[in-house]
Every structure is written in C-alpha cells, then in structure tokens.
Amino acid sequence: MPSNRPVVRRTGALTRRSVRKGRSRPTPEEAPARLRLLRSPATWLAGILLTVATMTFQDVLTGAVKAILPLDRLPDQISPQNAIEVVEVKDVKDTGTYLIRGGAGRHFGTVLNSGAEWRHKADIIDVDDAEWMITLQGRAAQQVRITDIVPELEGGKCAPPPGGSLVVAPGQGVTDVIPLEVAIDSPQPKMTSYSKGAKAGTPYFTGPKAKQITLNQNESEAFLVHATSARGHCRWRYRVHYQIGGGTAEMTLSRPGGKPFELTGELPDTSRYGSVHFPSFTCARTDTYVPGKWFTQSGAEYARADHGKNPAPCPKS
C-alpha cells in the first residue's frame, strides 16, 4: 500500500538527531603513503643534507677547475680582445753597444771589472740595435691569426740621440739569424724578414709574400725581433693586429711593466760622450794587457785612439 511519507535520503552528515542517538563522526581516510613520506621529519632532514652535499660538491668542482684552468681562461668567457696572452717579453741582446744615461757611468768601470751583471746596475739603453724574444700564446678555442705587428712611436717620431757613457761590448762569435727585423727610425717602420748577409729584408706581414702567425688554443709561438736605429732615440710599443672567429681585434705589446721599448742611434762624434767603457780584447795587447779587464777613457780619448778601425793600444792605467 503506498505511503504518503516523504522519502529521506540517508547521508553521512551529522544531524542533531543522529548526535542525540550517539552516532559517531566518520573516521577520516588515511593520507596516501607518498604524502606521509614527504611529511616525515627524516625525509626533510635527508633533503637538507642532500642539498648541502650538492652545493659542497659544486664548490669543490669549481675550485678544481680554477686550479687547472682559471675561469677567465675558459673559451666561452674569452673576448676577442683577450684571445692572446703575452707569455714573455725578454731582452736577449748580450753583445754590442749600450748607453748609460746621464752621468751614471762615471764610475761604472768598477762594476764592469767586478764581474757583476752590469746591465742591471744602471739605466741602460740599447745602442744601434736591440733584440727581444717575444712569446705569445693563444687563449681562445678558435685559431688566432696574427696579420700584422706595427710599431707605434711615442710622439710619432724619434728624438735626437742622447749623451751619456758608452759601453762597447762586441761579440767574439757569430750570432744567430734574427727572423724579424724593423728599422725603428725609418719614416714608416714595418716588420721585415731578416736574412743574414742580405742588404734589406722583405716585408713579413705585407706584400706578395705576406705571412701570418697562427696560434691555436694553449699553443705558444716565440719569435725574435731585431730593431735597429741609425739616427734617432726611439721609444715605442707594438700594435698587434689579428683575426679570430671571422672578426678582427688588436692588442698592445710593451716591455715588462708596461714600459715602452727603447733604442737609440749612436752620436756621430764619439768625443761627445762623457766616457767610453770597453773590454781589453778590443784593443792591441801591451805589457798591461789583462784578459777580461775593462778600460775606461773619455769620449775624446776614445775618439783620438780610433778604436773603430784598427785596434788601438790598451790604456796603461
């Protein structure tokens, strides 16, 4: 028999009636196992330890890379302007003529006869010629091509040769061939290939037989530059032009400490020098000849003795 009572849908919700009857609140479902694991204190501690270990490893790895190859030497951090490293610029002239600037050479004979390294005892300038060993190294991952090395004179020109004291120290043997040469006091000085006995070298970086110097990454190239000056006192630096990665760049090449290269021609009249120091093997033997001994004369005395053509007698004192 049909009933007129309303149909009531039973749910899990609490009502006043169910509470009065003592019905208990349904037990919430437990959290999934993955969520319980993430909320675990042990998991958080392990994560912190793992983060610290990762950061420590990265620091150690970075330190190891720096020890092997400084970060500023890494290929992706090198700009074209830093693609070449100057490894060494060394003065290798060991025979010839030198100038002691000003009056510093007045008592320099004592230093010469003491056997000391006299070139480090005074302000010395190369006279007539200079020889420098230059070593460059490629730093970039791409090959560097040096296309030209151009001297740039301070003030745009050379000055007249200065006075002072000369040290004449000619070699007693044959010197090696110098591959590059530059007449620094010429109107337009440029690098030439030097051949022993040749009157004039051919242009090295320009002309129909132009050459280039190539540097691969971490590859070093050493070359000698023989500079000459017949008339002027010259101070200069080199402008190195090179190509890398389809572009061009340049750098300045100086002596150690950023100092300019320096060379002077000899005064036309030796008598204008305050003094001249010269070794005993350059003068004719006398009773006072002593091997390895140095002599000192005034510029006028040295000029009158005409040491340049025929060996004059060694001084008596």
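Trainee: In which sense do strand β6 (residues 164–169) and β14 pair, parallel or antiparallel?

Mentor: This is a predicted model, so local features require pLDDT of at least 70 and side-chain atom pairs count only at pLDDT 80 or more, while totals for chains, interfaces and linings use all residues. Residues are numbered from 1 along each chain as its sequence is written, and side-chain values use heavy atoms, leaving out hydrogens and water. Strands are DSSP runs of E with at least two residues, helices are runs of H or I with at least four, and both are numbered from the N terminus; two strands pair if DSSP finds at least two bridges between them. For β6 and β14 there are three bridges, and the sense is parallel.

Trainee: Which residue of β15 is the bridge partner of H277?

Mentor: H277 belongs to β14, where V167 stands opposite it. β14 also pairs with strand β15 (residues 294–298), over five bridges in the antiparallel sense. In β15, the bridge partner of H277 is T296.

Trainee: How many residues of strand β14 are buried?

Mentor: Buried means under 20% relative accessible area, exposed means over 50%, and partly exposed lies in between (1.4 Å probe, protein chains only). In a regular strand the side chains alternate between the two faces of the sheet. In β14, S275, H277 and P279 point one way and V276 and F278 the other, and all are buried. For this strand, residues 275–279, the count is therefore five of five.

Trainee: What is the handedness of the disulfide between C283 and C314?

Mentor: A disulfide (cysteine sulfur atoms within 2.5 Å) joins C283 to C314, with S to S at 1.9 Å. C283 lies in the loop between β14 and β15 and C314 in the segment after α5 (299–305), so the link ties together parts 31 residues apart in sequence. With 90 degrees about the S-S bond, the link is right-handed.

Trainee: How far apart in sequence are the parts tied together by C158 and C234?

Mentor: The disulfide from C158 to C234 has an S to S distance of 1.9 Å, and its torsion of about 105 degrees makes it right-handed. C158 is partly exposed at 21% relative accessibility, whereas C234 is buried at 0%. Because C158 lies in the loop between β5 (144–153) and β6 and C234 in strand β11, the separation is 76 residues.

Trainee: How many residues separate R101 and E262?

Mentor: A salt bridge is a side-chain nitrogen of Lys or Arg within 4 Å of a carboxyl oxygen of Asp or Glu, and the count comes to seven. R101 and E262 form one, their closest N and O atoms being 3.1 Å apart. R101 is partly exposed, at 29%, and E262 is buried, at 8%. With R101 in strand β2 (residues 96–101) and E262 in strand β13 (residues 261–264), the separation is 161 residues.

Trainee: Which residues are linked with R101 and E262 in a network of salt bridges?

Mentor: R237 forms a salt bridge with E154, the closest N and O atoms being 3.1 Å apart. This pair links strand β11 to the loop between β5 and β6, across 83 residues. Together with R101 and E262, the network holds E154, R235 and R237.

Trainee: What percentage of the residues in the protein is buried?

Mentor: The secondary structure comes to five helices and 15 strands. Contact means heavy atoms within 4.5 Å, and among contacts between residues at least 6 apart in sequence, 74% join residues at least 24 apart. Of the 317 residues in the protein, the buried share is 32%.
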